[in-house]
Amino acid sequence: MMTIVESTQKAIAECLGNIKLRIKPTALVRSRKLGAKRLLGLILSRMYKALQLESDDYYDELGEDPVSRQALSQARQYLYPECIREFFDMAAKIAAEDETLDCYRGMRLIAIDGSDIALENSEELKSKFGCSGPNKDAATALASIAYGPLDHVIYDCRIDKYEKDERELAKLHVERLCELGLRGSLLLFYRWYPSAEFIESKAASYTKSRRALLSALGCGNLLRSHQIQAPA
């Protein structure tokens with residue numbers, strides 16, 4: 001089985017033949033700084049700093065002159081977001097099937113949490129995701145991830161409207177974990193996540209029986225951290 005890096009490198013090398021990648025068939029086909037291969041390589045690399053700084057470092061490693069943030073943002077518009085998602089899902093699937101990754105007593109440890117993300121304050125994004133702030137005029141989205149703190153793998157990620165309930169995205173994470181074959185994982189939530197409605201929610205999309213949401217993942221017990229006492 002190929003590693004995540006090998007699979008990603010292969011997909012990038014073959015990206016020009018992927019008709020689902022580019023919004024226009026003629027876009028990003030030339031061998032230039034912002035061709036499809038260069039652009040995908042930058043997007044799929046880990047970005048911890050500002051976009052311009054990450055871009056400068058990326059092209060510096062390639063021995064090429066950097067591109068502007070504006071040029072990069074414009075070029076990204078020619079890529080289908082769904083295709084980028086396919087790269088992510090491919091990596092998550094490979095990681096889920098890797099039995100050598102760190103576990104806790106044979107279980108994958110997966111933390112689920114959401115966070116607000118400040119967006120560019122455009123009318124389009126305000127309409128798509130909603131707004132926060134005292135005057136409800138700051139474009140904001142809700143993001144959520146299912147992350148393995150031991151193996152450092154993000155198994156699923158979601159972005160939705162600001163007003164969305166984080167538990168709704170958590171349900172989608174659980175569904176995705178089931179699809180990845182990770183039933184029986186040890187899930188970590190903040191205290192308010194496991195409400196009665198959340199636990200008893202019927203998951204008809206991934207189980208034909210009327211089993212509870214967390215039960216569908218193989219969760220037989222639920223503990224709150226404040227109930228666990230340290231030994232004297």
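This is a short chat about a predicted model of one protein chain.

Q: How many helices and strands are in the chain?
A: The predicted model has nine helices and five strands.

Q: What pattern do they follow along the sequence?
A: Read in order, the pattern is α-α-α-α-α-β-α-β-β-β-α-β-α-α.

Q: And how many of the residues count as buried?
A: The chain has 232 residues, and 34% of them count as buried.

Q: What about contacts between residues at least 6 apart in sequence?
A: Among those contacts, 60% join residues at least 24 apart.

Q: OK, helices. At what angle do H2 and H4 pack?
A: H2 covers residues 36–43 and H4 covers residues 69–76; they pack at about 105 degrees, with their axes 11 Å apart.

Q: What does that make H2 and H4 to each other?
A: Angles of 65 to 115 degrees count as roughly perpendicular, and H2 and H4 are therefore roughly perpendicular to each other.

Q: Which residues meet there?
A: From H2 there are Leu39, Leu42 and Ile43, and from H4 there are Leu72, Ala75 and Arg76. In this contact of H2 with H4, five residues are nonpolar, none is polar and one is charged.

Q: Now H3. Which residues of H3 are buried?
A: H3 runs over residues 51–61, and its buried residues are Leu51, Glu54, Ser55, Tyr58 and Tyr59.

Q: Where do they sit around the axis?
A: They cover an arc of only 125 degrees, so they are on the same side of H3.

Q: Which exposed residues are on the face turned away?
A: Asp60 and Glu61 are the exposed residues on the face of H3 turned away from its buried side.

Q: What covers the buried residues of H3?
A: The cover includes H2 and H4.

Q: What comes just after H3?
A: Glycine 63 is there, with a positive phi of about 75 degrees.

Q: Which residues have a positive phi although they are not glycine?
A: Arginine 105 is one of them, with a phi of about 50 degrees. Lysine 136 also has a positive phi of about 50 degrees. For background, most residues other than glycine have a negative phi.

Q: Where does arginine 105 lie?
A: Arginine 105 is in the loop between H5 and strand S1, which spans 109–118. Its relative accessibility is 74%, so arginine 105 counts as exposed.

Q: And lysine 136, where is that?
A: Lysine 136 is in the loop between strand S2 (131–132) and strand S3 (138–148). Its relative accessible area is 54%, so lysine 136 is exposed.

Q: Change of topic. How many salt bridges does the structure hold?
A: There are nine salt bridges.

Q: What does arginine 85 do with aspartate 89?
A: Their side chains meet in a salt bridge, at 3.1 Å from N to O.

Q: How are arginine 85 and aspartate 89 placed in helix H5?
A: H5 spans residues 81–96; the two are four residues apart in it, so about one helical turn separates them. In general, an α-helix has 3.6 residues a turn, so residues three or four places apart point the same way.

Q: Why does arginine 85 count as partly exposed?
A: Because the relative accessibility of arginine 85 is 25%. Aspartate 89 also counts as partly exposed, because its value is 22%.

Q: What about lysine 126 and glutamate 123?
A: They form a salt bridge, with the closest N and O atoms 3.6 Å apart. Both lie in helix H6 (residues 123–129), three residues apart, which is about one turn of the helix. Glutamate 123 counts as exposed, because its relative accessibility is 60%.

Q: And aspartate 165 with arginine 167?
A: Their side chains meet in a salt bridge too, at 3.3 Å from N to O. Aspartate 165 has 30% relative accessibility, so it counts as partly exposed.

Q: Last one: where is isoleucine 159?
A: Isoleucine 159 is in strand S4, residues 153–161. Its relative accessible area is 49%, so isoleucine 159 is partly exposed.

Q: What does isoleucine 159 touch?
A: Leaving out residues up to four places away in sequence, isoleucine 159 touches Phe129, Ala141, Leu142 and Ala143.

Terms used. Residues are numbered from 1 along each chain as its sequence is written. This is a predicted model: local features need pLDDT of at least 70, side-chain atom pairs count only at pLDDT 80 or more; totals for chains, interfaces and linings use all residues. Side-chain values use heavy atoms; hydrogens and water are left out. Axes are lines fitted to C-alpha atoms, for helices over the stretch in contact, and angles run from 0 to 180 degrees between N-to-C directions. Angles under 35 degrees count as roughly parallel, over 145 as roughly antiparallel, 65 to 115 as roughly perpendicular and the rest as oblique. Contact means heavy atoms within 4.5 Å. Ala, Val, Leu, Ile, Met, Phe, Trp, Tyr, Cys and Pro count as nonpolar, Asp, Glu, Lys and Arg as charged, and the others, Gly among them, as polar. Buried means under 20% relative accessible area, exposed over 50%, partly exposed in between (1.4 Å probe, protein chains only). The arc is that of the directions from the helix axis to the C-beta atoms. A salt bridge is a side-chain nitrogen of Lys or Arg within 4 Å of a carboxyl oxygen of Asp or Glu.
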